[in-house]
Amino acid sequence: MAVLIRRVTRFEPFVCALILACMAACADPPRVRGLVERVDHENGRVLLTQPGIEGVLPAGTTSLGADQTVRSGLLPGQWIDVELARGTDGPIITSAVFVRSATEEEGWIESAGRLIPAERAEPIALFDTEGRPVTLAGLAGRIVLLDFIYTSCPGPCPAQTHNMRVVQRSLSDDARKRVQFVTVTIDPETDDAAALAEYAARHSADLSGWSFLTGPVEVVVDTYARYGIGTSEGEGGAMDHTLRSFMIDDRGFVVERYRSDVFDPVAVTARLEELARED
C-alpha cells in the first residue's frame, strides 16, 4: 500500500494540470450583451459598445473580430448577446443572438427600414433671395437636402450645384412635393440676395423647391461652423472649404452626409425617394 501511495503522489502535479485544463476547456465561454455600432465586413470586425468582462474585455466601444457567418446577421442599432473566445488579435465573437433594436431614447432612429444614430440637425435661420426668412424649424415635415457654396467659387461649388440640380430634376412628382433643397452661402459679405438669385438663375435652379440663403455675417458663419464646414483662404482670393452635403429627414434628424466631391446624384435621388415614401 505504501508503494502505491508514493506512485500516485509522484503523478499528482500532472493529474492536477490535466484536471485544470479540462475545467478550462469545459467552462462556459465568456458572454456579454452589447450594442452594435458598426459592422465592418471589409475588415471582418464588429464595433460593439458593452459593459466589459473583468480580465477579458474592457468596458466601452470595442472593435471585435467576427467571421462572415456571425457578421451576416448583424446590423447597427441591434442589442445582441455574444459569446467570446480568444483570438490572435484579442477577443473575437464566436456567436451572436439578437435581443432587440435600440430605441430613440438610446440614441437611434429608424430611417427607411434601418436603424441609424439619432442626430438632430443644427438650427438654420437665414434669408432667401426674396429677403424672406427661412428656418429649418419652418421646414419641419419636409425632407431637406442641404449644401454650402459661394457664388464666386471657381470650381467645386458649381459642380456641387449642378449635382443638386440633377437630383432635383430626377425626383418623382410625389417626392418633389416633400423635398426642399437648401443652399447656404459661406461668403455672406459678397453673396447678398441679388448675388444668390443671379447664381441660382445661372445654374437653372428651380426656386419653387430650392432656397438660396444668406444673412448677417456672424449668423452665417455660426451656421456653417455648426455643420462642421471649415473655410480658409485659398490661392488667388478663392476660399477653400469643406465639401459636405447633408440630408435631413422630416423629423429634423440628419440621416445622411455626403462628400460633395464624390456626390452621386443617382444614389442621393434614390435615398430621397425612399424617405419620401415613408409615412
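Student: Leaving aside neighbours within four places in sequence, what is Phe 263 in contact with?

Tutor: Phe 263 is in contact with Leu 145, Asn 163, Val 167, Ser 245, Tyr 258 and Val 268, once its neighbours within four places in sequence are left aside. Contact means heavy atoms within 4.5 Å. This is a predicted model, in which local features need pLDDT of at least 70, side-chain atom pairs count only at pLDDT 80 or more, and totals for chains, interfaces and linings use all residues. Residues are numbered from 1 along each chain as its sequence is written, and side-chain values use heavy atoms, with hydrogens and water left out.

Student: Where is Phe 263, then?

Tutor: Phe 263 is in the loop between β16 (254-259) and α7 (265-276). Helices (H or I, at least four residues) and strands (E, at least two) are DSSP runs, numbered from the N terminus.

Student: Is Phe 263 buried or exposed?

Tutor: Phe 263 is buried, with a relative accessible area of 9%. Buried means under 20% relative accessible area, exposed over 50% and partly exposed in between, using a 1.4 Å probe and protein chains only.

Student: What separates the C-alpha atoms of Phe 263 and Met 164?

Tutor: Their C-alpha atoms are separated by 9.1 Å, while the two residues are 99 apart along the chain.

Student: Changing topic. Which residues of α6 are buried?

Tutor: In α6, residues 217-226, the buried ones are Val 220, Thr 223 and Tyr 224.

Student: Why are they on the same side of α6?

Tutor: Because they cover an arc of only 85 degrees around the axis. The arc is that of the directions from the helix axis to the C-beta atoms. An α-helix has 3.6 residues a turn, so residues three or four places apart point the same way.

Student: And what covers the buried residues of α6?

Tutor: The cover includes β8 (125-127), β10 (143-149), β11 (179-185) and β13 (231-233). After α6 comes Gly 228, with a positive phi near 75 degrees.

Student: What is the strand order in the open sheet of five strands?

Tutor: The order is β12-β11-β10-β15-β16, with mixed pairing. Its edge strands, β12 (210-213) and β16, each pair on one side only. From one strand to the next the twist averages 20 degrees. Two strands pair if DSSP finds at least two bridges between them.

Student: How many bridges do β10 and β15 have?

Tutor: Four, in the antiparallel sense, with β15 spanning residues 244-248. Asp 147 stands opposite Ser 245 in β15. Ser 245 is also one of the contacts of Phe 263.

Student: How many bridges join β4 to β5?

Tutor: Ten bridges join β4 to β5 (residues 90-101), and the two run antiparallel. They form a hairpin with two residues between them. Gly 87 has Gly 90 in β5 as its bridge partner. β4 (residues 78-87) is also joined to β1 (residues 31-40) by five bridges, again antiparallel. There, Arg 33 has Asp 81 in β4 as its bridge partner.

Student: Last one. What is His 241 in contact with, leaving aside neighbours within four places in sequence?

Tutor: With those left aside, His 241 is in contact with Phe 148, Tyr 150, Cys 157, Ile 186, Gly 230 and Thr 231. His 241 is in β14 (residues 239-241), and is buried with a relative accessible area of 14%.

Terms used: Axes fitted to C-alpha atoms, helices over the stretch in contact; angles between N-to-C directions.
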